[in-house]
Every structure is written in C-alpha cells, then in structure tokens.
Amino acid sequence: MKYLNEIIKVLGMKTIIIISVSILVLILVILTYRLLKLKHYRNEIVDLENKMNAIKSLPIQYRLGRVKGIAKNMPELQEKYETYDELTDLQNDEIIPLVNDIDEALYYRKLRGVQKKMNSLEEKVIHYAKESKQLLKDIEVITEIENIQRLEIIKVK
C-alpha cells in the first residue's frame, strides 16, 4: 500500500487515470481490430467457397461423358480426362483441406498465419477456375464437332 501511495504521489492521480483510460482504449481498439479482421476473413472464405461451388456447377463432367465414345478414337481427349482428374485432385487434396484449416482457425479466433493461407487459397482457386473454364471450352469445341457430325449423319439417313 505504501508503494502505491508513493506512485500516486509521484505521478499524480490525474496522470494515473489518463494512463489507465489510455490502456483501456488501446485494448478496445485491439479487440475491435481483431473482430473486424475475423469478419473480413470469414467473408473472404465464403466468397471463395461460392466461387468453388460455381466452378463445380460447370457441366464439365456431363460433357466429358458425352465425348467418352469419341475419346477412344482421339488420344487428345484422354488428356482432357487426365486434366479433369488433376483438377479434381487439386480440389480434394489441396483446396478443401486449406479451406477447412482456415475455417477452423477462424472459428477458434486465431489470426496467426491466416493471411498467408488465404493468399495461397486464393491463388489455388484462381488456378482451379482458370483451368476448369479452359477445359470446358476445349470440351465444348469437341462436342460441337460431335453435333455437326451427328447432323450430317441424320441428313445422310
């Protein structure tokens, strides 16, 4: 108690109150910053998951099924199947576990390392989207050829 009285005498009651209020304000600012950062990361995760779901809804698998018969005669179509498998592996082995890691960290309010993981996840999602759209374009060209050939066969019949 004597020590506390000496501190009050040296600094003054006004200074101690100002320091205490400053520390409380600093703590509130830090907590608010963390909450806003968590909310921002959660929104980013939701946006990236929506992008992934939009990409998954592309009719790639359906179109690959349509050209499966053609693929037996065209070896370049086999590459499309391999590309599709690589994209599926990228999604299942890298993107989904990374999303789960980030989600778990945010759930437990841990921000350490989340930004780095978010950057990595965003790069992988962009790569996945680009490759998926390119694969779909390539498959559409092939299915268009198939449609033209089908029409010619119908005309011949």
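Ser132 counts as buried, because its relative accessibility is 1% (buried means under 20% relative accessible area, exposed over 50%, and partly exposed in between, with a 1.4 Å probe and protein chains only). This serine sits in helix α6, where helices (H or I, at least four residues) and strands (E, at least two) are DSSP runs numbered from the N terminus. Leaving aside residues up to four places away in sequence, Ser132 touches Ile55, Leu58, Ile60 and Leu87; contact here means heavy atoms within 4.5 Å.

A word on the model before going further. It is a predicted one, in which local features need pLDDT of at least 70 and side-chain atom pairs count only at pLDDT 80 or more, while totals for chains, interfaces and linings use all residues. Residues are numbered from 1 along each chain as its sequence is written, and side-chain values use heavy atoms, with hydrogens and water left out.

How confident is the prediction? The chain averages a pLDDT of 86, and 94% of the residues score at least 70; pLDDT is the predictor's confidence in each residue, from 0 to 100. Within the chain, confidence is highest in α2, at 93, and lowest in helix α4 (residues 68-71), at a mean of 67. Where pLDDT is low, the predicted coordinates should not be read in detail.

The table puts the two pairs side by side, with axes as lines fitted to C-alpha atoms (for helices over the stretch in contact) and angles running from 0 to 180 degrees between N-to-C directions.

| Helix pair | Angle | Axis separation |
|---|---|---|
| α2 (residues 13-56) and α6 (residues 114-156) | about 20° | 10 Å |
| α1 (residues 2-11) and α2 | about 100° | 6 Å |

With that angle, α1 is roughly perpendicular to α2 (angles of 65 to 115 degrees count as roughly perpendicular, under 35 as roughly parallel, over 145 as roughly antiparallel and the rest as oblique). On the α1 side the contact is made by Ile7, Ile8 and Leu11, and on the α2 side by Met13, Thr15 and Ile16. These residues divide into five nonpolar, one polar and no charged. In this scheme Ala, Val, Leu, Ile, Met, Phe, Trp, Tyr, Cys and Pro count as nonpolar, Asp, Glu, Lys and Arg as charged, and the others, Gly among them, as polar.

The other pair, α2 and α6, is roughly parallel. From α2 the contact draws on Tyr41, Glu44, Ile45, Leu48, Lys51, Met52, Ile55 and Lys56, and from α6 on residues including Val114, Met118, Leu121, Tyr128 and Ser132. Here the contact residues divide into eleven nonpolar, two polar and four charged.

Elsewhere on α2 we find Arg34, which counts as partly exposed at 30% relative accessibility. Arg34 touches Arg109 and Leu111, not counting residues up to four places away in sequence. Arg34 and Arg109 lie 75 residues apart in sequence and 8.5 Å apart in space, C-alpha to C-alpha.

Arg109 itself belongs to the loop between α5 (75-107) and α6, and counts as partly exposed at 44% relative accessibility. What is its phi? Arg109 has a positive phi of about 60°, although it is not a glycine. Most residues other than glycine have a negative phi.

Finally, Asn92 is found in helix α5 and is partly exposed, with a relative accessible area of 41%. Asn92 and Glu123 are 31 residues apart in sequence and 15 Å apart in space, C-alpha to C-alpha.
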